[in-house]
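Student: I've got a model open and want to go through some side chains. Can you walk me through it?

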Amino acid sequence: MDLSALVSPGAAASRSLVVTEELTVAHWVDGMPPVFGTPFLVYLMEVAAADVLKPRLPEGWATVGAQVNVTHLAATPLGMTVTATARLVSATARTATFEVFAHDGTEKVGEGTHVRGLVNLARFESRWKAKAAAAGATRPGTLPSPGAHA
């Protein structure tokens with residue numbers, strides 16, 4: 001599998017969402033204002049980048065976030081819509097590098113770069129399941145309570 005053979009620089013995609021209460025800093029941190037949280041800005045940019053690649057990948061393959069370098073430039077209040085756009089800058093056999101930016105209809109609110117890595121889903125699943133088992137997880141995504149005995 002070679003990403004550079006599947007997609008050319010310049011390919012782009014966008015994703016939008018409305019800033020709801022759950023996506024604000026105020027929801028997560030007492031005393032903070034009801035504005036779009038940086039983790040959600042980064043997530044929106046990652047999803048836009050994944051959207052560039054997903055329709056080009058064969059079944060059994062996906063991309064995962066590998067590197068993020070984003071500056072959150074301005075606050076976006078509750079109720080506004082943020083649109084993130086990712087534009088492919090370059091691709092190698094296993095990685096794709098994107099220029100990402102976001103706008104809220106009034107101004108640019110974020111910009112940066114994002115790298116996604118190509119993964120074979122079956123191999124990826126076996127690795128994270130082995131890691132969960134080694135950590136003593138009772139089901140994927142959970143760990144035993146502190147002090148619990150197996």
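Student: Is lysine 108 buried, partly exposed or exposed?
Tutor: Lysine 108 is partly exposed, at 38% relative accessibility. Buried means under 20% relative accessible area, exposed over 50%, and partly exposed in between (1.4 Å probe, protein chains only). This is a predicted model: local features need pLDDT of at least 70, side-chain atom pairs count only at pLDDT 80 or more, and totals for chains, interfaces and linings use all residues. Residues are numbered from 1 along each chain as its sequence is written, and side-chain values use heavy atoms, with hydrogens and water left out.

Student: What does lysine 108 form with glutamate 111?
Tutor: A salt bridge, with the closest N and O atoms 3.0 Å apart. The term needs a side-chain nitrogen of Lys or Arg within 4 Å of a carboxyl oxygen of Asp or Glu. Glutamate 111 is partly exposed too, at 33%.

Student: How many salt bridges in the whole structure?
Tutor: The search finds 5. One of them joins aspartate 51 and arginine 15, at 2.6 Å, N to O. Aspartate 51 sits in helix α3 (residues 38-53) and arginine 15 in strand β1 (residues 12-18), so the pair ties together parts 36 residues apart in sequence. Helices (H or I, at least four residues) and strands (E, at least two) are DSSP runs, numbered from the N terminus.

Student: How exposed are those two, aspartate 51 and arginine 15?
Tutor: Aspartate 51 is partly exposed at 23%. Arginine 15 is partly exposed at 38%.

Student: Which residue pairs with arginine 87 in a salt bridge?
Tutor: Glutamate 99, with the closest N and O atoms 3.1 Å apart.
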